[in-house]
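I opened my notebook to record what I looked up, one entry at a time. The sequence and the structure come before my entries.

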Amino acid sequence: MKKWMKNRENKTIYTFLIAGAGLAAFVLLMLFLHTQGEKKEPWKLIFVPKTIDPTNGFWTSLIDGAQLGAKEYGAQLEVMGETTEEDIEGQIANIRKCIEQKPDAMLVAPCDYIRTADVLEEAVVQGIKLILLDSVVDRDVAQCVIATDNFEAGRKLGKYAGSLLENDQNPKIGIVAHVQGASTAMERERGIRDGLGSNADAIQDVVFCDSSYDKAYTLTVRLMTKFPDIDLLIGTNEYAAVGAARALKDMKLAGKVRLIGFDSLIEEIQLLEAGVFQGIVIQKPFNIGYLGVEQAVRLLEGAAVEKNLSVGSRLITRDNMYEEENQRLLYPFSGQQ
C-alpha cells in the first residue's frame, strides 16, 4: 500500500512538471510570436548633400556610401538636394521640408558656414538627431561631424606647392576656389597658405567658381589673362581643379603652368597621368557617407558616438600614383577605403 501511494505521488509530481514545462514553452512561444509581430520600424533618415550632381565623383561616391550604410544597418534613407552647391536657399528650403517630415535623424552637408546654421538649429530643437558631413556651420549644433580635416588637407597641398616652387625666383600663384562662405573652402585656403609659408605672399588672386566646371574654366582664362606670369594654379575642389585643367589645356599652357588640386574624378586621374596635374589631394567620400549613417543609427540606438570623425586625406603625385595603396584609393570600385 505504501509503495502504491509513493508511486502515485511520483506520477503526480511528474505530471505537474510536464504540465509546467509545457506551459513555460507555450508562454515563451507566445512571447516570441508577439515580438515578431511587433518588429521595430526602420529608422527614418534624410540626407541633404550640397548637390546631387551625377557628373561629380565626390558627391556620387558620398551618396553611394550613405546608401550602402542604410542598407547594412536596416535604415530607411531619403536623399534630398539641389543640382548646384551655390543654391544655398534651395538647401535651406530642403532642410525645412525635412523638419516637416519629422525623420529620426538628418545628415546634412551644409553649403554655407553661416546661412544654414539657423535652420539646422531649428531641426535639433525639434528633436531630430543631426549629423554634419563634409562641412560645418558657425555653431555647435550637431551630435557628430564626419569630414576630411580640410585645414590639414590644404596644408598638404600648400607644402607640395612650395616644393614645386623651390627654384623659382619670383613665383606667382593663383587659386581657383569653390564656394565662398563654405567651411571647406575657408579651411582649405587657410591650410594652403599655412603650408606655403612665406610663398603665400606669391598668391596673386583667389577666385570662386561656385562649384561649376564651366565657371572655373572661364575664371582660369581670366586669371591667366590678367596674370600671365602665374607659375602655379591651385584648385580647391573637383569642379575648380577640373575646370582649371580644361582651361590650361585649351590655352596650350598644360605642363607650363603647374597645377595641383583636390579630389579624384576619373578625368583628374587621367590628367595627372598626362602631366596636366602635378598632384592632387584625394579624400574618402564613400567613407564619409557610410560612417554618417552608421553614427546616426548608433545615436538613435542610444550608443556613444565620437563628436568629430576625420576620414583623412592623401597627396597623390605622378611619382607615387602607381603605388598599390594609392591605386586602391584612386580606383575604389566599392566598399570602404
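Which residues of α2 are buried? Before answering I noted that I am working with a predicted model, and I then listed Phe 58, Trp 59, Ser 61, Leu 62, Ile 63, Gly 65, Ala 66, Gly 69 and Ala 70 as the buried residues of this helix.

Next I looked up what covers these buried residues of α2, and I found that the cover includes the strands β1 (44-48), β2 (76-79) and β4 (129-133), together with the helices α8 and α10 (285-300).

I then checked the length of α2, which has 17 residues (57-73) and reaches 24 Å from its first C-alpha to its last, close to the 24 Å expected at 1.5 Å a residue. At its N-terminal end I found Asn 56 as a cap, with a side-chain oxygen 3.0 Å from the backbone nitrogen of Phe 58, and just after the helix I noted that Gly 74 takes a positive phi of about 65 degrees.

In soluble globular proteins, nonpolar side chains tend to be buried together. The largest nonpolar core here has 32 residues, and the members that touch the most others are Val 176, Leu 233, Leu 259 and Phe 277. Among the elements that each supply at least two residues of this core are α7 (213-226), α9 (266-273) and β10 (279-282), while α8 gives the most, with 7 residues.

Last, I recorded a second, separate core of 26 residues, which includes Ala 105, Leu 107, Ala 109 and Leu 133.

How values were computed. Residues numbered from 1 in each chain as written. Predicted model: local features only at pLDDT ≥ 70, side-chain atom pairs only at ≥ 80, totals over all residues. Heavy atoms only, no water. Core = buried A, V, L, I, M, F, W, Y, C linked by side-chain atoms within 4.5 Å. Buried < 20%, exposed > 50% of the residue type's maximum accessible area, 1.4 Å probe, protein only. Helix = DSSP H or I, 4+ residues; strand = E, 2+ residues; numbered from the N terminus. Expected span 1.5 Å × (residues − 1). Contact = heavy atoms within 4.5 Å. Polar contact = N/O pair within 3.5 Å; in protein donor to acceptor, adjacent residues only side chain to side chain.
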